[in-house]
Amino acid sequence: MIELTSFEELKREELKLYSELSEPQLARFFEPEPGLFIAESFLVAERAMDAGYEPLSFLLEKKMAEGEAKKLTDRFPEVPVYVASEDILKTITGYPVTRGVLCAMKRKNGKAVEEILDGAKRIVLLEDVENPTNVGAIFRSAAALGIDAVLLSKGCADPLYRRAIRVSMGNVFSISWTFSEDWLGDIEKLKEQGFQTVAMALKEDSVSMEELQPEPEERIALLMGNEGAGLKEETIAACHKIVMIPMANGVDSLNVAAASAVAFWQIRK
């Protein structure tokens, strides 16, 4: 255990990944191999470890290192542990959101689309959902409401960005997910595998979400689009059905994260 006694010590080379590197830089840290992400809080780090992610180092508030976080460090006794006061840790984020635990973790190679579809009955496809907060919230709702897998287009925020992980409460580690390399091709692949593809879009021919009442064993792929533009026209055209959530009081639509929770509830198994 290495104790840091000043703000300046955060500038040590091995600690720059916590305070100086951007999310894309972390993701490319071991390029061409998978890079790193930062897990914040005991719960998030524990869920990542339970999902098979390995830590590179720990940066802990001293009282956590001697208390609850010891359960984490004991699992990887060979991994370096840095400890500091709450005031020092707050300089990284500006406020105490980490709950005393930061952990640099190694990414894993992305899964093949076929791998995340194996045995899945309910999946969601996210097209160009750019906000990490929305991605994290969607993952949290997906885990809570029985979605089996998430397929993301290349324009989506990375589920392993700090904010996405934090907002998901670590549920990005609870659900199988991957990025699509061939978006329209993967939609066709889903259809070939018996998925009913359902686009969420505000169109003249959209039907109410209430009409979507799949049987438990039916395979459903729900597609949701960008926060501003929604789904692309070619994506909508590739789907079997278009649905919308009816609105009241002149509201045109819900935030994509809120809409996802409503939709996941409707298609729950």
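The protein chain exposes about 12,800 Å², of which carbon and sulfur atoms supply 48%; accessible areas come from the Shrake-Rupley method with a 1.4 Å probe, and for residues only the protein chains shown count as cover. The model is a predicted one, in which local features need pLDDT of at least 70 and side-chain atom pairs count only at pLDDT 80 or more, while totals for chains, interfaces and linings use all residues. Residues are numbered from 1 along each chain as its sequence is written, and side-chain values use heavy atoms, with hydrogens and water left out.

The secondary structure comes to 12 helices and 12 strands; these are DSSP runs numbered from the N terminus, helices being H or I of at least four residues and strands E of at least two. The radius of gyration of the protein chain is 20 Å, close to the 18 Å that the globule rule gives for 269 residues, so the chain is as compact as a globular protein of that length. This radius is taken over C-alpha atoms, and the globule rule is 2.2 Å times the number of residues to the power 0.38. Along its principal axes the C-alpha trace spans about 65 × 40 × 30 Å. Buried residues make up 49% of the 269 residues, where buried means under 20% relative accessible area, exposed over 50%, and partly exposed in between (1.4 Å probe, protein chains only). Of the contacts (heavy atoms within 4.5 Å) with a separation of 6 or more, 79% are accounted for by residues 24 or more positions apart.

Axes here are lines fitted to C-alpha atoms, for helices over the stretch in contact, and angles run from 0 to 180 degrees between N-to-C directions.

Within this sheet, strand β3 (residues 55-61) has six of its seven residues buried, so β3 is largely enclosed by the rest of the structure. Five bridges join β3 to the antiparallel strand β5 (residues 101-106), and Phe58 has Cys103 as its bridge partner in β5. With strand β4 (residues 81-84), β3 pairs in the parallel sense over four bridges. Leu60 has Val83 as its bridge partner in β4, and Leu59 stands opposite Tyr82 in that strand.

In α3, the residues Phe42, Val44, Ala45, Ala48 and Met49 are buried. Their cover includes β2, β3, α4 (62-65), α5 (70-73), β5 and α9 (162-167). Just after α3, Gly52 takes a positive phi of about 100 degrees. Gly52 is also among the contacts of Lys108, which, leaving aside neighbours within four places in sequence, touches Pro34, Ala51, Gly52 and Tyr53. Lys108 lies in the loop between β5 and α7 (113-117) and, at 41% relative accessibility, counts as partly exposed.

A second open sheet has seven strands in the order β8-β7-β6-β11-β9-β12-β10, with parallel pairing. Its edge strands are β8 (176-179) and β10 (207-208), each pairing on one side only. Helix α12 packs on this sheet, touching β6 (122-126), β9 and β11 (219-224), and its direction makes about 165 degrees with that of β11. Three bridges join strand β9 (residues 195-200) to the parallel strand β12 (residues 241-244), and Met200 stands opposite Val243 in β12.

Beyond its neighbours within four places in sequence, Ser260 is in contact with Ile138, Ser141 and Met224.

Notes:
Pairing = 2+ DSSP bridges.
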